[in-house]
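Trainee: I'd like a close look at one part of this model, the interface between two chains. Walk me through it slowly, please.

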Amino acid sequence: MKSYKILFIVFALVLIVSACGTSKTTSGGGEGSQDKKTLKVVTNAEYAPFEYMDKGNIKGFDLDFIKVVAKEAGYQINVVNTGWDPLFVEIKGKTADFGISAITINDERKQTYDFSTPYFLSTNEILVPDGSTIKGAADLKGKKVAVQNGTTGQEAVETILGKNSPDLKKFESTNLAIMELKGGGVDAVVADNTVVEEYVKNNPNEKVVLIKDDAAFEKEFYGLMFPKGSKLKADFDKAIKTVLENGEYAKIYQQWFKAAPDVSLLSE
Amino acid sequence: MDFRFDLISEYSSFFLKGTMLTIGLSIASILFGTILGLLIGLGKMMKNNFLAQPFAWYIVFFRGTPFLVQILLIHFAVVPLFLGKTNAIVAAILALSFCSAAYIAEIFRAGIQSIDRGQMEAARSLGMNHLQAMRYVILPQAFKRMIPPLGNEFIVLIKDSSLAALIAAPELMYWGRAMQGQYFRVWEPYLTAAVIYLLLTLSLSFLLTKLERRLATG
Amino acid sequence: MIKVRNLKKSFGHHEVLKNINVSVQPQEVVVVIGPSGSGKSTFLRCINLLETISDGHVYIEGIDLADKKTDINKVRTEVGMVFQQFNLFPHKTVIENIMLSPMKVRKVAAEQAREKGLALLRKVGLEDKADAYPDSLSGGQKQRVAIARALAMEPKIMLFDEPTSALDPEMVGEVLEVMKQLAKEGMTMVVVTHEMGFAREVGDRVIFMDGGFIVEENVPSELFENPKEERTISFLSKVL
């Protein structure tokens, strides 16, 4: 078996090298070139209303937002739907210039990527069955909770239950997490308010209750995600600030969420 | 080269836990799937067409529909019906067993039908009933021929168990995805998971080759 | 001992046996000859119900095989059968082949079954092959083991379905020798064969079948020297 083990390590290394190798050969394009050519922006269009496919076209809040920001920064952009996992491969390998996909900024991710200044404050809500004893975030302790993997909801719950707690179930989508709640496998779902509110609106007959607890959950922000050391970050940070201040942001926000944003929270 | 071995070691206890559950799911499903597959295979071979039909349908259904859909159906619809609430581990074992049983049934049927008709006739002419002839004469010979295709099926089963991550059964791929979600790094979790799956499937092939050699006679 | 009355057998629309009537007395050796496709093997296989009976009756010691209530497994323990292709169990050794059925069906203890098996192997001259696997034996040896295996159930009747047809010529003798010995000991036997020498020497009676009918039956000397039917004459002229 010993020789087998060595074989595996070699095999794994070959895979890694080939994966990283592509980045070295194609990195010349995006970053660093100052000719203001069209930037490749990657997204995972499966998270309405931020980004989703509408009859073959990518639409959503993120799309409208990035169009305005890119114009402000003076770049042409081409948004490509790559799916979730490939999105990170493309950005890390620098085959894409940056990503926008309701991506939550956190310290662990900052080790590998650079994030723009926050452009969206995510509010999490707790979805529980009618008659549940859970009244706020503090009541989640000791309860089983479902979230979507890699979302702000997960971040929020992990601050309460602990990282990778056995009581936390991470699903591939918020829909599956809600189904788990209905199946009785968990006591609550924590997810983006926009997503769960959409669910409750579309399923008025479900006996579920939404609980807001902005005080208890730590604030989670979305940002554009760049390869580490990208020179584009500065340009886009500036453009985002401008768009936030000149009212264009509020216009797009109003259009998608029928409410006025609290822009001051984003500039903290 | 940018490969964060430190992240893997940070997640090593989760990968270990996940591997244990993957092994557990696989062993349980191989066991149940094999027994169920044998029964369904025998059922489909019944001479009475009317009785054999449901077994044929079973195979058509579980072979002909995506495993992804099966595991979701069993997790969200079937298990709550019996347990009153969802249970990812039970659902994963059921889905893997049910699905592999359909393939195993066909492997059994092919194995049994590959045995010369004269073997059954000789056994029956010696006064054995059908069950005795199956048990002492046909199945031992058929089983030897079934090992390579069964090995294939078991390896597919081990890898398919990674779909249990979808229903949040905390197996190997679940922790790989969790690590991906936390750090947004793709290669560290997935290559680690791949190497562990490779180790598991290689160990299984090794055991099956040994078994096959031991059963080789004459 | 065996009584066959108006036996008919069809495969689909093809009628293979058309009204067969035969009786076999205890200790009698009946040899069935005939061209291929004459139905002689099917006739033999009906006697232990390896082929279902389409119409008519087969009685073994008065038990009607056509009766659905008959426990065929019990009848088969009394009727041994030897096949053209031997059909030894390849995953078991020679002695295990012989011991299997006595142990599982007759519930004989392993020790006794082994003793009995070795005695039978001695009788067919293969005692030294007890622990060999069938694949390592020659055709003649395999067939002798198959005979020993059938005898281990202590049957009252032995059926032989072309037992030497799959053998190389030099091995035919050793198998016929065992069968001759068996006949001498008084076993009731029905033998389908192309070995005319055996039929003449060992048979008490020879049945000539053609086209699903029994065309002619007689003591060997009469049938071979003095065939009465046209088809018998024509067949014998080709094989003798």
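This is a predicted model: local features need pLDDT of at least 70, side-chain atom pairs count only at pLDDT 80 or more; totals for chains, interfaces and linings use all residues.

Mentor: Residues are numbered from 1 along each chain as its sequence is written, chains are lettered from A and ligands numbered from 1 in the order in which they are written, and side-chain values use heavy atoms, with hydrogens and water left out.

Now for chains B and C. Chain C brings 24 residues to the contact and chain B brings 20 (contact means heavy atoms within 4.5 Å). Together they bury about 1900 Å², with 59% of that on carbon and sulfur atoms; buried area is the accessible area (1.4 Å probe) that two parts lose on being put together, summed over both. Between chain C and chain B there is one salt bridge, meaning a side-chain nitrogen of Lys or Arg within 4 Å of a carboxyl oxygen of Asp or Glu. The partners are Glu121(B) and Arg45(C), whose closest N and O atoms sit 2.5 Å apart.

Which parts of chain C supply at least two residues each to the side that touches chain B? Look at α2 (72-78), β6 (79-82), α3 (94-104) and α5 (139-151); helices (H or I, at least four residues) and strands (E, at least two) are DSSP runs, numbered from the N terminus. By class, that side of chain C has 12 nonpolar, six polar and six charged residues. Here Ala, Val, Leu, Ile, Met, Phe, Trp, Tyr, Cys and Pro count as nonpolar, Asp, Glu, Lys and Arg as charged, and the others, Gly among them, as polar.

Most residues other than glycine have a negative phi. Asn19(C), not a glycine, has a positive phi of about 60°, and this residue lies in strand β2 (residues 14-24). Glu154(C), also not a glycine, has a positive phi of about 50°; you'll find Glu154(C) in the loop between α5 and β7 (157-161).
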